[in-house]
Amino acid sequence: MSSETQKILTTDGIPLEVSLKKAERRNKIKAFLLVAPLLFFLIITYVFPIGDMLMRSVDDKMVTEMLPKTYKAMEKWDGKELPEEEVFKAFYLDFRQLVDEKREGKLSTQLNYTKNGFKSIIKKLRRKSKNFEEGNYKEQIMAVHKRWADVEYWKAIKRRAPAYTGQKYLKGMDMFKNENGEIVSVEEDRRIHRILWLRTLEIAFFVTLFCFLMAYPIAHLLATLPMKYSNLLMICVLLPFWTSLLVRTASWMILLQQQGVVNDFFVGIGLVADDARPEMMYNKTGTYVAMTQILLPFMVLPLYSVMKTISPSLMRAGKSLGGTPIVAFWKVYFPLTIPGIGAGCLLCFILAIGYYITPALVGGASGTLISNQIAFHMKSTLDWSFASAMGLMLLAGVLAIYWVYNKLVGIDNIKLG
Amino acid sequence: MSVNKEFVKFDKVDKSYDGKILVVKDLQLDIEEGEFVTMLGPSGSGKTTCLMMLAGFETPTHGEIYLDGKAISSIPPHKRGIGMVFQNYALFPHMTVYENLAFPLRVRKIPKDEADKKIDKALSMVSLQGFAERMPGQLSGGQQQRVAVARSLVFDPQLVLMDEPLGALDKNLRESMQYEIKHIHESIGVTVVYVTHDQSEALTMSNRIAVFNDGKVQQLSSPDELYEKPVNSFVAEFIGENNTFAGEVMDISGGKCKVKIVNSEILANPISVKGKGEKTKISLRPERALINPSDKMDNVHSGKVEEVIYHGDHTRVRMNVLGNNQFILKVPNSSANMDIKLGKEIKIGWNSEDARALDPK
């Protein structure tokens, strides 16, 4: 036959490669059509909203659009001394336009985010600007209030010129860009977000740890008990899983409150005095207890699925070779459960880090997480861009954890079931 | 140096898991030092339970097990110093071959250079030099098996237990591993207790075989004795092929007994029959019955050929003899025996010595 290097042809003379591609194309199209609805669904429900969130978190067009002439005029301004008349005139024109459209309130809110003190001087400017005469706007505006003659306020306006900004992210880290464009932290007593981030990490870490400590023996029992007992135990593990999250959280409220079942019991057995019932809810303790219970199945199930595959003869082999039960467990059994531990911990940690309902209900002031802060900005302050920014920071954090896990343990080592 | 005849001793051991059924009944078994003893029996006969009690994973419900004179029932498995090869090898999948072998040495705190020497020796014993850095998952079934054997021997135990170690291997590999394990046993002189349900494995490898059934040792003897001289019907039927006749003893005299089968009589060797009128089952190995018997044979009967199966070196002939239509005859492939045809009446005969009259069961 022909030599190896020659192009192989099919019987009707078409090159084999072409013919193969042709034959496979139909299958490829079919396969794509099968996944297309899901792909479409994912794009609509996942990629698009997250993309929108990302845009919203950096979007700062509002002020830019409200003061177009001002920013045009400010292009020539060096930003050191007070700007020229030209800038004041442009600002006056923009401002009048906003007043006509009744949007100057929004401007004052936005500028106030950048620098405190804008609210009152804009209100004053609105009143006075009705009677402005044509020409020499600089003098007239500066006469409205002494802050209008302060260059810092003009610098603050200029800082809002770019249509996109990362300042919401900085704010999420309790930092901001100061007048000189340096990134600095806010005053010590106003650093609430850092505390929340750290608390979120801390609670997620300890909830994961507690889940692990409780789930490991349960999973081991599940994997080693005879079928009829293990099925019953499995139902006990899963039953809370099937119950509504709200119901479970509410039942923890009944149990943990100061006049609740647990406290009554403690008083009953004389562990604590009746007038010194410990607070176990509306603080970190409540969050720990409720979240650990709620996330426990997410740790038990991956551990169980891994332990189920470990042959009991391995432990026996370890013992027969001279290892004490502890050595056999630690050297043989435990390393084999690491894929399950990794999966369970990753799952628990990621779920815990973004947990919302439970901490909101039982966490009180000291037990709330960053997600509660996000919800607060979504619902109460309506600062959606800030909420988006924090949401994305949370997402980035989760991805970072995933990346670190992949580097340390290897993601293909994971076993979810 | 005298050999310890009771290196392992099961003394009146009973075992029950549920308090209702005895899995092992009144077991009395002595194993000599350096011996290769196989526990052979159908599944559920209690052989694995015996092994697990010896290893320390099960405790006897009654009785005591002695190892080298010491009672071991209260010693936990890790202090018994018994090597064990498990059914599915039980290699530690997250450790390399080297680490697997190093495990028993490390827990015994043996210095590294000495341990390395022992590991090298053990690996060369199973001809696996150069595999030390492999993971068990990268080895074939036979290689994993060898590693398991090496691991059970690397810490120089006096006793090694093997629980159906060759069960998962294919036939050819199983046979070659049988010889290999036998040679290892011979070269290092360790005492081996081996559990299997495969009789050919047991016959090939063992010094002595304990045939288990129903929680009891039915017979404990060397392979040839077990095959040639089974003491009861269970052993006779479990080991090798067997032709049986059920009948009633008519007369016992001069080391022979006359047994009535249907309308005929057979002369047999009375093993477990004592007197007239007893029911018995006669067991006869197929190769001990000959066609065209000589005059010296004291049992001569005729039968009809019902089936002829060609096996190359020999031919299996199924006949109807004295009402038993499952009577098997092994006829060597020679020109003299070519005239065996289906439906033909032929004469066959055997010595009464080979027809063992056993319990009727």
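In which sense do strand S4 (residues 62–67) of chain B and S5(B) pair, and over how many bridges? The two strands pair in the antiparallel sense, over two bridges.

## Basis of the description

This is a predicted model, in which local features need pLDDT of at least 70 and side-chain atom pairs count only at pLDDT 80 or more, whereas totals for chains, interfaces and linings use all residues. Residues are numbered from 1 along each chain as its sequence is written, and chains are lettered from A and ligands numbered from 1 in the order in which they are written.

## The open sheet of chain B

S4(B) and S5(B) belong to an open sheet of four strands in chain B, whose order is S2-S1-S4-S5 and whose pairing is antiparallel. Two strands are taken to pair if DSSP finds at least two bridges between them; the strands (E, at least two residues) and helices (H or I, at least four residues) are themselves DSSP runs, numbered from the N terminus. The edges of this sheet are strand S2 (22–31) and strand S5 (70–71) of chain B, each of which pairs on one side only.

## Strands S3, S9 and S10 of chain B

Strand S3 (residues 36–40) and strand S9 (residues 208–213) of chain B pair in the parallel sense over four bridges, and within this pairing Thr38(B) has Ile209(B) of S9(B) as its bridge partner. S9(B) is also joined by five bridges to strand S10 (residues 216–221) of chain B, and these two strands run antiparallel. Phe212(B) stands opposite Val217(B) in S10(B).

S9(B) and S10(B) form a hairpin with two residues between them, and Asp214(B) in the turn has a positive phi of about 55°. A positive phi is also found at Glu164(B), where the value is near 40°; this residue lies in the loop between strand S7 (159–163) and helix H5 (171–188) of chain B. Glu164(B) is buried, with 20 other C-beta atoms within 10 Å.

## Helix H3 of chain B

Helix H3 (residues 112–125) of chain B has 14 residues and reaches 20 Å from its first C-alpha to its last, close to the 20 Å expected at 1.5 Å a residue, where the expected span is 1.5 Å times one less than the number of residues. Ala115(B), Ile119(B), Ala122(B) and Leu123(B) of H3(B) are buried. These residues cover an arc of only 95° around the axis, which puts them on the same side of H3(B); the arc is that of the directions from the helix axis to the C-beta atoms. An α-helix has 3.6 residues a turn, so residues three or four places apart point the same way.

The buried residues of H3(B) pack against helix H2 (97–107) and helix H4 (141–153) of chain B. On the other side of H3(B), Asp113(B), Glu114(B), Lys117(B) and Ser124(B) are exposed. Just after H3(B), Ser127(B) takes a positive phi of about 45°.

## Contact between the chains

The contact between the chains takes 19 residues from chain B and 16 residues from chain A, two residues being in contact if their C-beta atoms, placed from the backbone, lie within 7 Å. Strand S6 (82–85) and H2 of chain B each supply at least two residues of the side of chain B that touches chain A, and H2(B) gives the most, with three residues.

By class, the side of chain B that touches chain A has 13 nonpolar, four polar and two charged residues. Here Ala, Val, Leu, Ile, Met, Phe, Trp, Tyr, Cys and Pro count as nonpolar, Asp, Glu, Lys and Arg as charged, and the others, Gly among them, as polar.

## Domains

Domain bounds come from an automatic or database domain assignment, which gives chain B domain 1 (8–235) and domain 2 (241–293 + 300–358). The C-alpha centres of these two domains of chain B lie 38 Å apart, and four residues of domain 1 are in contact with six residues of domain 2.

Chain A is divided into domain 1 (1–59), domain 2 (62–161) and domain 3 (192–413). The C-alpha centres of domain 1 of chain A and domain 3 of chain A lie 41 Å apart, and their contact takes five residues from domain 1 and six residues from domain 3.

How values were computed:
A residue is buried if 20 or more other C-beta atoms lie within 10 Å of its own, exposed if 12 or fewer, and partly exposed in between; C-beta atoms are placed from the backbone.
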